[in-house]
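Please look over the notes below with the structure open beside them.

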Amino acid sequence: MAGESLKLRGRVRAVLGANIDTDIIYPGRYLNITDREKTAEHLFELSYPDVRAAIQAGEFIVAGANFGCGSSREQAAAALKFAGIGAVVAASFARIFFRNAINLGLPAVVAPDMAANCAAGDELEIDLVAGAIRNLTTGITVQAAPLDPRAAELLAAGGLIPYLKHKYLQEANATCPSTV
Amino acid sequence: MGMTLAEKILARASGRERVSPDQIVIARVDLAMSHENADLVRKSFLEIGVERVWDPSKIVIIFDHRVPAESEKTATTHRAVREFVAAQGIPHFYDVGRGGVCHQVLPEEGHVRPGMVLVGTDSHTTTHGAFGAFATGIGATEMAGVWTEGTLWFKVPSSLRIEVEGEFPPWISAKDLILHIIGKLGAAGADYRAVEFNGPAIRWMSVASRMVLTNLAMEMGAKVAFTPVDEVLLSFLRPRVQGELEVIAPDPDAVYERTIGIDAGADLKEPCIACPHAVDNVKPLSAVGEVPIHQAVIGSCTNGRIEDLEVAARVVAGRRVHPRTRLIVSPASQRVYREALQLGYLETLVAAGAMVNPPGCGPCVGVHQGILAAGENCVSSTNRNFIGRMGSKDSFVYLASPAVVAASAIAGRLAHPEAVVKEGRVWQAKA
C-alpha cells in the first residue's frame, strides 16, 4: 500500500538550471508569512513568475545541481508544495532544502540525468522506492537515488508533523488507555 | 582508525563508540536556536499536539531579522513568540534591544561550548563550529520535532580538511580567504560535508575571523565547519561559559575525503570579490573592472563584529562617503554596538557620513533598512548576493571584506583600501 503511494505520475512544468537558490524560489521579503498555504503566492516571484502562474496540481519541477541552496527557509519547500508541485527532481539538492521538502511531505528526487532527458510538458512516472524515472513522452528511463528508509517513512506519513502526531498519539494511548 | 571532529561529536551524541561517514544516527541535541521563525516552529509544534517542549533551558530565541518590527504583521509575529516563550518558560529569550544577530549573541552570551550538538533554524548556524560545536541549520518543522523529542537524525558527513599557512598580506582578511576557497570549490563544493579549517594561519586568527570562515562555509554547502579548539578560543570562552570546557580535537589518524592546502601569502595577493549573482562567482578585485557603488553595507553574522567596524573606521577616518554612495553600518549585537561607541569607531563612521542601523540582520535579508532599487550596485560585507537578495531583482550585490566595503564607500566605486588610504582624498560635497 505504502509502496503504491510512492509512485508518482505527472507532467514537467519547467526544466530549470543549476543552483536554483532559496531567494529565487521564495524571496526573503515574504518570510513573515507564516501560513504555509499562503506562501504559494510568492513562489518564483522574482525570476519565474510565469512558471508559477501555469502550475497544474501534481506537476513536477526538474532542475540541475544544488537545488534549494542558500537559506534554511522552510517557505521555499512549502511554496512549491502548496502551489501544487507534486515532486522536485534535481541533479542534487542543498541539504536543508532536501530535509524541509521531505518533512513537509514534498518528494525531492535526486536524478543527475533527468534535466538532460526531458522537456517542459513531458509526462514522467517516478518510482520513489525503486529509484527510476520513466519519461513516458520519450520512452527514456533515467536512474534516481532510491529514497533512504527514513525519508520514505516520512513521505508515506505525509511529512514530519503527521508522523510525530501519530507517534505521540500512539504513546498517549499506550500510557493512558482510559482517555481514549 | 581515528575520527574527525564531526564523527567524534556525533558518536558521543548518539551513544556510540564510533561512527563513520554515511551512517545514519539519532543524536541528542544540546541547544536549539531560532529567530523570528520561532513563530513557524511554534505553529508546527502546536500541530503535533504535544503540550510542553522537551527542555525549555535548551531553547534559545533571538529576534534579529526584523528588529524593531518593521510592520504590523511582524509585530504580531513577535508578540505570538513572546507569549509562547512565557507560556513554556523558555529562559533564554533575546528581545528587541537585548541581543542582536543570533549567531553573534549565542557565543557572546556563553550559550555555545566545544563538543555540543547545536541546531538552528537558520542556515548560517554553521558559524558555531568556530567554538567547536557540531552546528547546523534545519527547517522550522524539523525544529518542531526537536522541541518535541530533543533528538534529530543525521547522516554522518565525510570531512574535508583545509590547511592554511603563510602570512596574510596587508588589507587581506578571513573574508578574502573564504571567498577564495568558495570560488575554488564552488557553491556545492562541500555539500553535505564537514569542513575542518586548520593550519598556522588559522590558529593565529581571532575568534571573530574564524567565525567568518565557519559562517561562509555554508555557501559551499557545508553541513558543519570547524576551526580548532585552542588557547585563542578558550580564552574567549572562559569568561563567558560556566563550568569545565572540553578541549576536543580530531584524532591524528582521522580520515579525510580530501585535504586542501592554501598559502595565504601566495594565493591571496589581492582582495576577493564575489560578483553577482552567486557566492562562488569570485574574482580578484583587479579583474572585476570599474563598478560604481550606490550602497555599501557593513554588518551581518558574517562581518558585523568589532574588528570589522575597527578596520572600516580606519579606512574612512577623516574622509567623506562619496556623494553617489550610501554607507550603511549594522553592528552585529548590542555588545558590539556599545563597544564600538566606547572605542569611537561609530563616531568616526558617522562623521564620514555613514548611517548606523540598530543591531540585527539589517539589509542583508532584503526586508528593510536599506533596500536596493533597480539598476543599483551594492558592495556588502554580508554573505549572499543572489538575485533580489537585498531588493530589486535588477540590483547587483558584490560581496567583499569590510575594508573593501569601506574603501568603496569613500571612492564611490569598487576600490582597494590601500588606494583610498594612500590617496588621502577627502571628499567635499559640491554644491
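**Notes on two helix pairs in chain B**

1. In this predicted model, helix α6 (residues 174-185) of chain B and helix α8 (residues 207-216) of chain B have axes that come within 8 Å and cross at roughly 25 degrees. Angles under 35 degrees count as roughly parallel, and α6(B) and α8(B) are therefore roughly parallel to each other.

2. The crossing of α6(B) past α8(B) is right-handed. On the α6(B) side, the contact is made by A174(B), K175(B), I178(B) and I182(B). On the α8(B) side, S209(B), V212(B), L213(B) and L216(B) take part. Sorted by class, the residues of the contact of α6(B) with α8(B) are six nonpolar, one polar and one charged.

3. The second pair is helix α2 (residues 38-48) of chain B and helix α3 (residues 72-88) of chain B, whose axes are 9 Å apart. At what angle do α2(B) and α3(B) pack? The angle is about 55 degrees, and α2(B) and α3(B) are therefore oblique to each other.

4. Is the crossing of α2(B) past α3(B) left-handed or right-handed? It is a left-handed crossing. From α2(B), the residues A38(B), D39(B) and R42(B) meet T77(B), A80(B), V81(B) and F84(B) in α3(B). The contact of α2(B) with α3(B) has four nonpolar, one polar and two charged residues.

5. To recap, α6(B) and α8(B) are roughly parallel with a right-handed crossing, while α2(B) and α3(B) are oblique with a left-handed one.

Note on methods: Residues are numbered from 1 along each chain as its sequence is written. Chains are lettered from A and ligands numbered from 1 in the order in which they are written. This is a predicted model: local features need pLDDT of at least 70, side-chain atom pairs count only at pLDDT 80 or more; totals for chains, interfaces and linings use all residues. Axes are lines fitted to C-alpha atoms, for helices over the stretch in contact, and angles run from 0 to 180 degrees between N-to-C directions. Helices (H or I, at least four residues) and strands (E, at least two) are DSSP runs, numbered from the N terminus. Angles under 35 degrees count as roughly parallel, over 145 as roughly antiparallel, 65 to 115 as roughly perpendicular and the rest as oblique. A crossing is left-handed if the near helix is turned anticlockwise from the far one by less than a right angle, and right-handed if clockwise. Two residues are in contact if their C-beta atoms, placed from the backbone, lie within 7 Å. Ala, Val, Leu, Ile, Met, Phe, Trp, Tyr, Cys and Pro count as nonpolar, Asp, Glu, Lys and Arg as charged, and the others, Gly among them, as polar.
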